[in-house]
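Please open the structure in your viewer and keep the selection panel handy. We will go from stop to stop together.

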Amino acid sequence: MNTGLDVGSTTAKIVRLESGIITASKVVPSHRWKELLEYGNKWDTVETIATVETTEAIQTPEATEIIQATETTETTGTAETIVSTGYFRKTVPHTAAITEITAASLGVRYYIPDAQVIVDVGGQDTKVIDLRNNTFLINDKCSAGTGAFLELAAHYFDIPVESLGKLHTRASRCARINNTCGVFAISEMISQLVGGYTMEEVICGIHQAFARRIAQMIPPVETVVLIGGTVLNQGLVESFESIHGSTVVVPPSPQTVNALGAALYGKKLRPEQ
Amino acid sequence: MTDTVGITALIPPELVYACRHRPLDVNNVVPTSSINPRSKLCAWTAVWRDEIMEGRMDIDSLVVVAGGDCHNALVDGQKVALSGVPTHYFFYPFDRDPDYMASQLKGLARFLGGIKDKEMFRTISGLKEKGLALDQLRVDDRARASDVFSALISFGDLQGDPAAFEEVLDTIPHTDVEYSSRVALIGVPPIYPDFHEVAESFGLHVVYDELPYEFVRLGGNDMQALAGSYRNYSFSGPITGRIEMIRQELDRRRVDGVIHYTQFACHHTLEDEIFRAHLDYPVLTVQGDLPRPSSEQLKLRLEAFSEMLEVMP
Ligand code: SF4
């Protein structure tokens with residue numbers, strides 16, 4: 001049994017894989033990541049490891065013992081390998097830790113074996129992975145084109161970020177927002193509202209500005225796979241599709257695809273599972 | 001009298017020694033400098049400029065390598081000149097013209113008071129042979145890239161004392177290295193003082209440092225030979241020549257991937273697209289700005305690149 005644990009800046013996700021089949025998955029806010037390890041019915045060994053809280057602690061003799069114990073039990077087929085990924089990958093319990101880039105590449109290939117370019121829109125950064133030549137780009141220097149930009153817009157309207165997608169569909173036209181810098185975009189939003197656009201139309205404009213920013217990072221390609229919690233926002237996906245001009249594919253459960261990739265990596269480590 | 005001559009980029013150190021002076025590559029203090037420059041584009045030039053102007057670097061004169069190399073250095077070098085430091089400007093020929101190169105070397109020798117010790121040409125040639133052997137040692141996985149990088153980058157000024165530098169070279173440990181992938185580092189050298197160590201910690205063995213390799217590749221035993229060699233300084237000529245050179249080295253050194261280091265506000269950053277289009281290898285582009293230990297962002301990129309090279313088909 002292989003477990004993938006993805007603890008990112010906003011949410012934590014878990015995916016369990018048995019004989020190559022996904023048997024469980026769950027998403028919780030990041031600060032409640034420990035709940036994931038209690039979830040399900042076969043997490044005994046994981047719970048033991050969950051008492052270890054930091055990377056340094058993992059290197060202590062007791063922790064080494066726990067991990068070794070895990071490995072010994074695994075050969076009997078009752079325990080599991082935990083592969084962690086995400087921003088906090090090295091501070092949560094893990095048998096191995098991999099970056100989100102590798103996790104996304106493996107996870108997406110599970111659903112779409114011939115995927116070419118992956119765009120992972122995270123809470124604090126956006127990653128573009130070109131599987132054709134194993135290269136990637138990360139935007140982690142400014143909030144433009146990351147979930148934080150949408151959070152800022154939702155915060156301004158005092159609405160939950162999850163409602164942005166739905167409100168977008170009610171817009172009959174789109175306000176033009178040029179800035180992708182969060183701070184300047186807010187003042188542009190205000191002037192568009194003052195100028196007569198509705199909240200829905202301004203949200204549509206925000207999605208388009210967001211999509212333009214991401215589109216700049218993407219190499220020419222016919223199909224783009226979008227993943228990350230933000231892509232549950234249909235308004236954003238539609239804006240991206242119309243601006244980038246590529247066909248967008250969103251795999252099932254785009255939010256847990258990195259946790260799945262981590263679990264698959266565990267399978268690579270221990271193919272017999 | 002032996003003067004300390006600050007140099008802003010590669011000029012033949014053998015010529016400075018032959019004129020009985022001591023070169024000091026002003027860039028060497030940058031990665032560990034604590035200066036926060038007053039005004040800056042590229043931090044390399046801004047930091048050495050302020051180090052000199054605040055009297056923290058003990059130099060008697062400055063040679064600014066401008067043409068064919070760096071216009072930020074040309075402007076910051078002139079600021080230093082205006083502060084009263086005797087300054088000479090050195091230009092590489094973009095078209096690799098040997099006569100132009102020879103005239104630039106003669107002009108430099110004049111600025112330095114003329115050649116007085118021709119034997120230094122031979123002494124330094126011998127050291128460069130050792131440098132090349134060291135470079136080959138890491139290609140053969142028998143020396144750590146971080147050790148070899150610090151040795152090669154020191155060939156810009158031979159640490160101000162060729163005899164003592166030879167001893168330093170002789171103490172570099174020969175040791176079998178283990179790694180997951182072989183990579184090349186192209187572009188200007190990283191401003192992070194621990195870049196190679198961090199790369200090593202993620203299983204990346206740097207088997208080619210583009211710019212430092214130029215420091216040992218170029219040389220000669222007299223002025224004519226120097227002109228013939230230094231006119232081919234790859235960074236100063238057309239990019240097609242650089243691509244050809246890099247390709248050849250990537251092949252010879254059997255690399256799995258390429259890391260292109262770019263410096264904030266450096267014109268070489270614009271070359272990224274060209275390299276990506278012309279080098280048939282996975283390329284990771286990273287950027288640095290102020291001299292600091294490697295950031296978490298850089299570490300994430302190196303770790304992910306290492307995983308990509310190892311895990312992905
Ligand atoms: S990094 Fe670029 S701008 Fe800075 S000194 Fe070097 S060549 Fe000049």
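The tour below starts where two chains meet and ends at one residue.

This is a predicted model, so local features need pLDDT of at least 70 and side-chain atom pairs count only at pLDDT 80 or more, while totals for chains, interfaces and linings use all residues. Residues are numbered from 1 along each chain as its sequence is written, chains are lettered from A and ligands numbered from 1 in the order in which they are written, and side-chain values use heavy atoms, with hydrogens and water left out.

**Stop 1: the interface.** Select chains A and B: 22 residues of chain A are in contact (heavy atoms within 4.5 Å) with 17 residues of chain B. The two chains bury about 1700 Å² between them, 58% of it on carbon and sulfur atoms; this is accessible area (1.4 Å probe) lost on being put together, summed over both.

**Stop 2: a salt bridge.** Next, show the side chains of A:Arg89 and B:Glu303, which form a salt bridge at 2.7 Å, N to O.

Stop 3: Finally, select B:Asp135. Is B:Asp135 buried or exposed? B:Asp135 counts as buried because its relative accessibility is 2%, where buried means under 20% relative accessible area (1.4 Å probe, protein chains only). Beyond its neighbours within four places in sequence, B:Asp135 has contacts including B:Val148, B:Leu152 and B:Tyr213.

Notes: Salt bridge = Lys/Arg side-chain N within 4 Å of Asp/Glu carboxyl O. Buried < 20%, exposed > 50% of the residue type's maximum accessible area, 1.4 Å probe, protein only.
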